[in-house]
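Could you walk me through this structure, step by step? I am new to it and would like to ask a few things.

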Amino acid sequence: MNIIVAIKLVPDLVEELKISEEGNSLDLESLRLRVNEFDEHALEQAILLKERGAGRVIVIALDGDGAEDALFTAAAKGADQIIKLTGNPAPLVSNHTLARWLAPVIKSLQPGLVLTGVQAHNDLDGPLGPLLAEYLDLPYVGYVAKAAVKDGEVEIRKEYPGGLAAEMEVDLPAVLGVQAAEQPPRYVAFSRIRQAMKTVQLEGRRIPDLFAEEQITVARLFQPEIGERAAIIAGDVDEIAARLVEIFAELDLL
Amino acid sequence: MAVSAVTQRPTFSEIFYTSLQKLPDGERVRACLQCGTCSGVCPFGYLMDYPPSKMIAALRAGMFDRVLKTDNVWMCVSCYACTSSCPAQIPLTAGLMTRTKEELLLAGNVPIELQDALENTQRYGNPMGESPRKRAAWARGIEPPVKIMSQINRPVDVLWFVGDYASFHPRVQLSSRALARIFNLLKVDFGILGHEENSDGDSQRLAGERGLFELLVDKNGKVFQKYQFNQIVTADPHAFNALKNEYPKLGVNYPVQHYTQYLCAKLDLLRPLLRHEIKARVAYHDPCYLGRANGIYQPPRQLLQAIPGVELVEMPHSAANSLCCGGGGGGMWLEGYQWEQAHARLSEWRVREAVAIGADILAVACTYEIPRFEDAVKMVQKASRLVIRDISELLLESIGE
């Protein structure tokens, strides 16, 4: 059985995010990308399934800064096949477009199970999994925290708000949105990644010249704005402390 | 009865033993006489199922897989205590312990906190997961400004390799600022690499991540090549050790000094500036990678003794017999694991020694140590009056800047 993992790169919050001059998107120049953390869990869950004999793991990522490193790292962790989708014009695309690019590729790989992170912090609306399920005409379950393949089914544990969990069986093939793998994503020694770079073939698949019709337009993207009753006090520690004492005095708190 | 030769695949123990003997001076492992000195002198040897001498015994018995199963080689802080006391001069730290960690790491058996530090190093070039773009932020506001090589487009005398903790840790940054001011006062022509600098990688190497170390050597080596300078100076003994002993093996070879050596050689210029008295009993903690690993004991002491008022006192563990702060060999990133195993911190042991001899100040010369000992002071009884200072900070205080 083929276990497909779709991973994507998202803005790395280690760098401060900047807004582009147009004011409705992130400034790509200053952006550093990293693999979506939930996707790393999806990959870990896939590797665990493989280690228990469920099948082979195929990882797919959209080409772009860091995509090859992410794919070779996946191969070093145990993925059997790695594929990058080439020809994309922008590093960050909407999940609608991404799903339409991914679906035919995944379909051609005859998927038994499709895993992806339940959400990504760049959009936080979590639709890649459901969209893939729709395009592939497969069942979808999100917030999955454990999965085991058994007799044409996948037994999963799904998490609910309020600390509830459910166990359920889903017919294969299926799409799962992974919240957390059964164990933290493993570390892979850098020498193994380097070895993968030399020995594993990175497959390229050209994506069709196709965009989903964008039905959502971002009018304005902005940093948190200072509220009317809020103030940010600048200066060194002593100046800030002195100003705070003044404010407390003004408010009759002292 | 004729017995036909049976070819057997070598066992893991055999393969490992052979690989160990191929390392520099590695064949000395065969001379191990099982005296147990290494295990006795190891600060955490008492709680390892297999301290160094027993590891060698297990190797010889073909039972090394048992050693790997215990995984308590992660208690090794690569302090060189075993190596420096071994009568057979076996490279225990660089060979046996590090190779064992490499095996665990290749097998994916890595404590999670260490994993984070290694992933951060891969991703950001520093183990703390800080933005590499902010690597020179500590130097802001210093006058004259600290020069960043990519911005000045000219050779310098001294390339200051700042290192991870000195660049990013908010407390250690203060010692970097002190050193920058001293360099300025001495009119040292120096520059730093800023965002182009990557972790030296020595502690990652000693934590078993050889491949990552090689990547970092490659990255730093390429950056060094871009610029002209006469020598490297660093305040980080781990970077010093790497640049002096390990980088040359991979073809990256530059003269390097620890800042205490560099300043000591300029003591004639520095001494007249040391005008303000620091009336204190000062104990100096020898960092493993300045002392035991590289034999540098005197320059830090000479600098301290040049400060008027300072009474230099020695702790029971001193010089070659110094006690590790617990931060080496990945220990910086295994605090939780080690606490779980030992319920003890080496840094607290050290602080107790400083308190016991009545020191007012514990002076350090390693960028790992200020926060480690300041944390320990909070935990040790009767230690609250002990002040932790980097030597550079004490020098600047005496200068009165």
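Predicted model: local features only at pLDDT ≥ 70, side-chain atom pairs only at ≥ 80, totals over all residues.

Me: Happy with that! Which strands stand at the edges of the open sheet in chain A?
Reply: The sheet has nine strands with mixed pairing, in the order β9-β8-β7-β10-β6-β1-β4-β5-β11. (Strands are DSSP runs of E, at least two residues, and helices are runs of H or I, at least four, numbered from the N terminus; two strands pair if DSSP finds at least two bridges between them.) Each edge strand has a single partner, so one side of it is left without a neighbour in the sheet; these strands are β9 (165-171) and β11 (202-206) of chain A.

Me: Now chain B, please: how do α16(B) and α20(B) run relative to each other, roughly parallel or roughly antiparallel?
Reply: The axes of α16 (residues 298-305) and α20 (residues 391-399) of chain B come within 10 Å and cross at roughly 25°. Axes are lines fitted to C-alpha atoms, for helices over the stretch in contact, with angles from 0 to 180 degrees between N-to-C directions. Angles under 35 degrees count as roughly parallel, over 145 as roughly antiparallel, 65 to 115 as roughly perpendicular and the rest as oblique. That is why α16(B) and α20(B) are described as roughly parallel.

Me: Which residues of α20(B) make that contact?
Reply: Residues are in contact if their C-beta atoms, placed from the backbone, lie within 7 Å. From α16(B) come Pro300(B), Leu303(B) and Leu304(B), and from α20(B) come Ile391(B), Leu394(B) and Leu395(B).

Me: Last one: which helix gives the largest share of the side of chain B that touches chain A?
Reply: This contact takes 19 residues from chain B and 11 residues from chain A. Helices α6 (92-106), α7 (112-124) and α12 (210-226) of chain B each supply at least two residues of chain B's side. The largest share, seven residues, comes from α7(B).

Note on methods
Residues numbered from 1 in each chain as written. Chains lettered and ligands numbered in written order. Contact = placed C-beta atoms within 7 Å.
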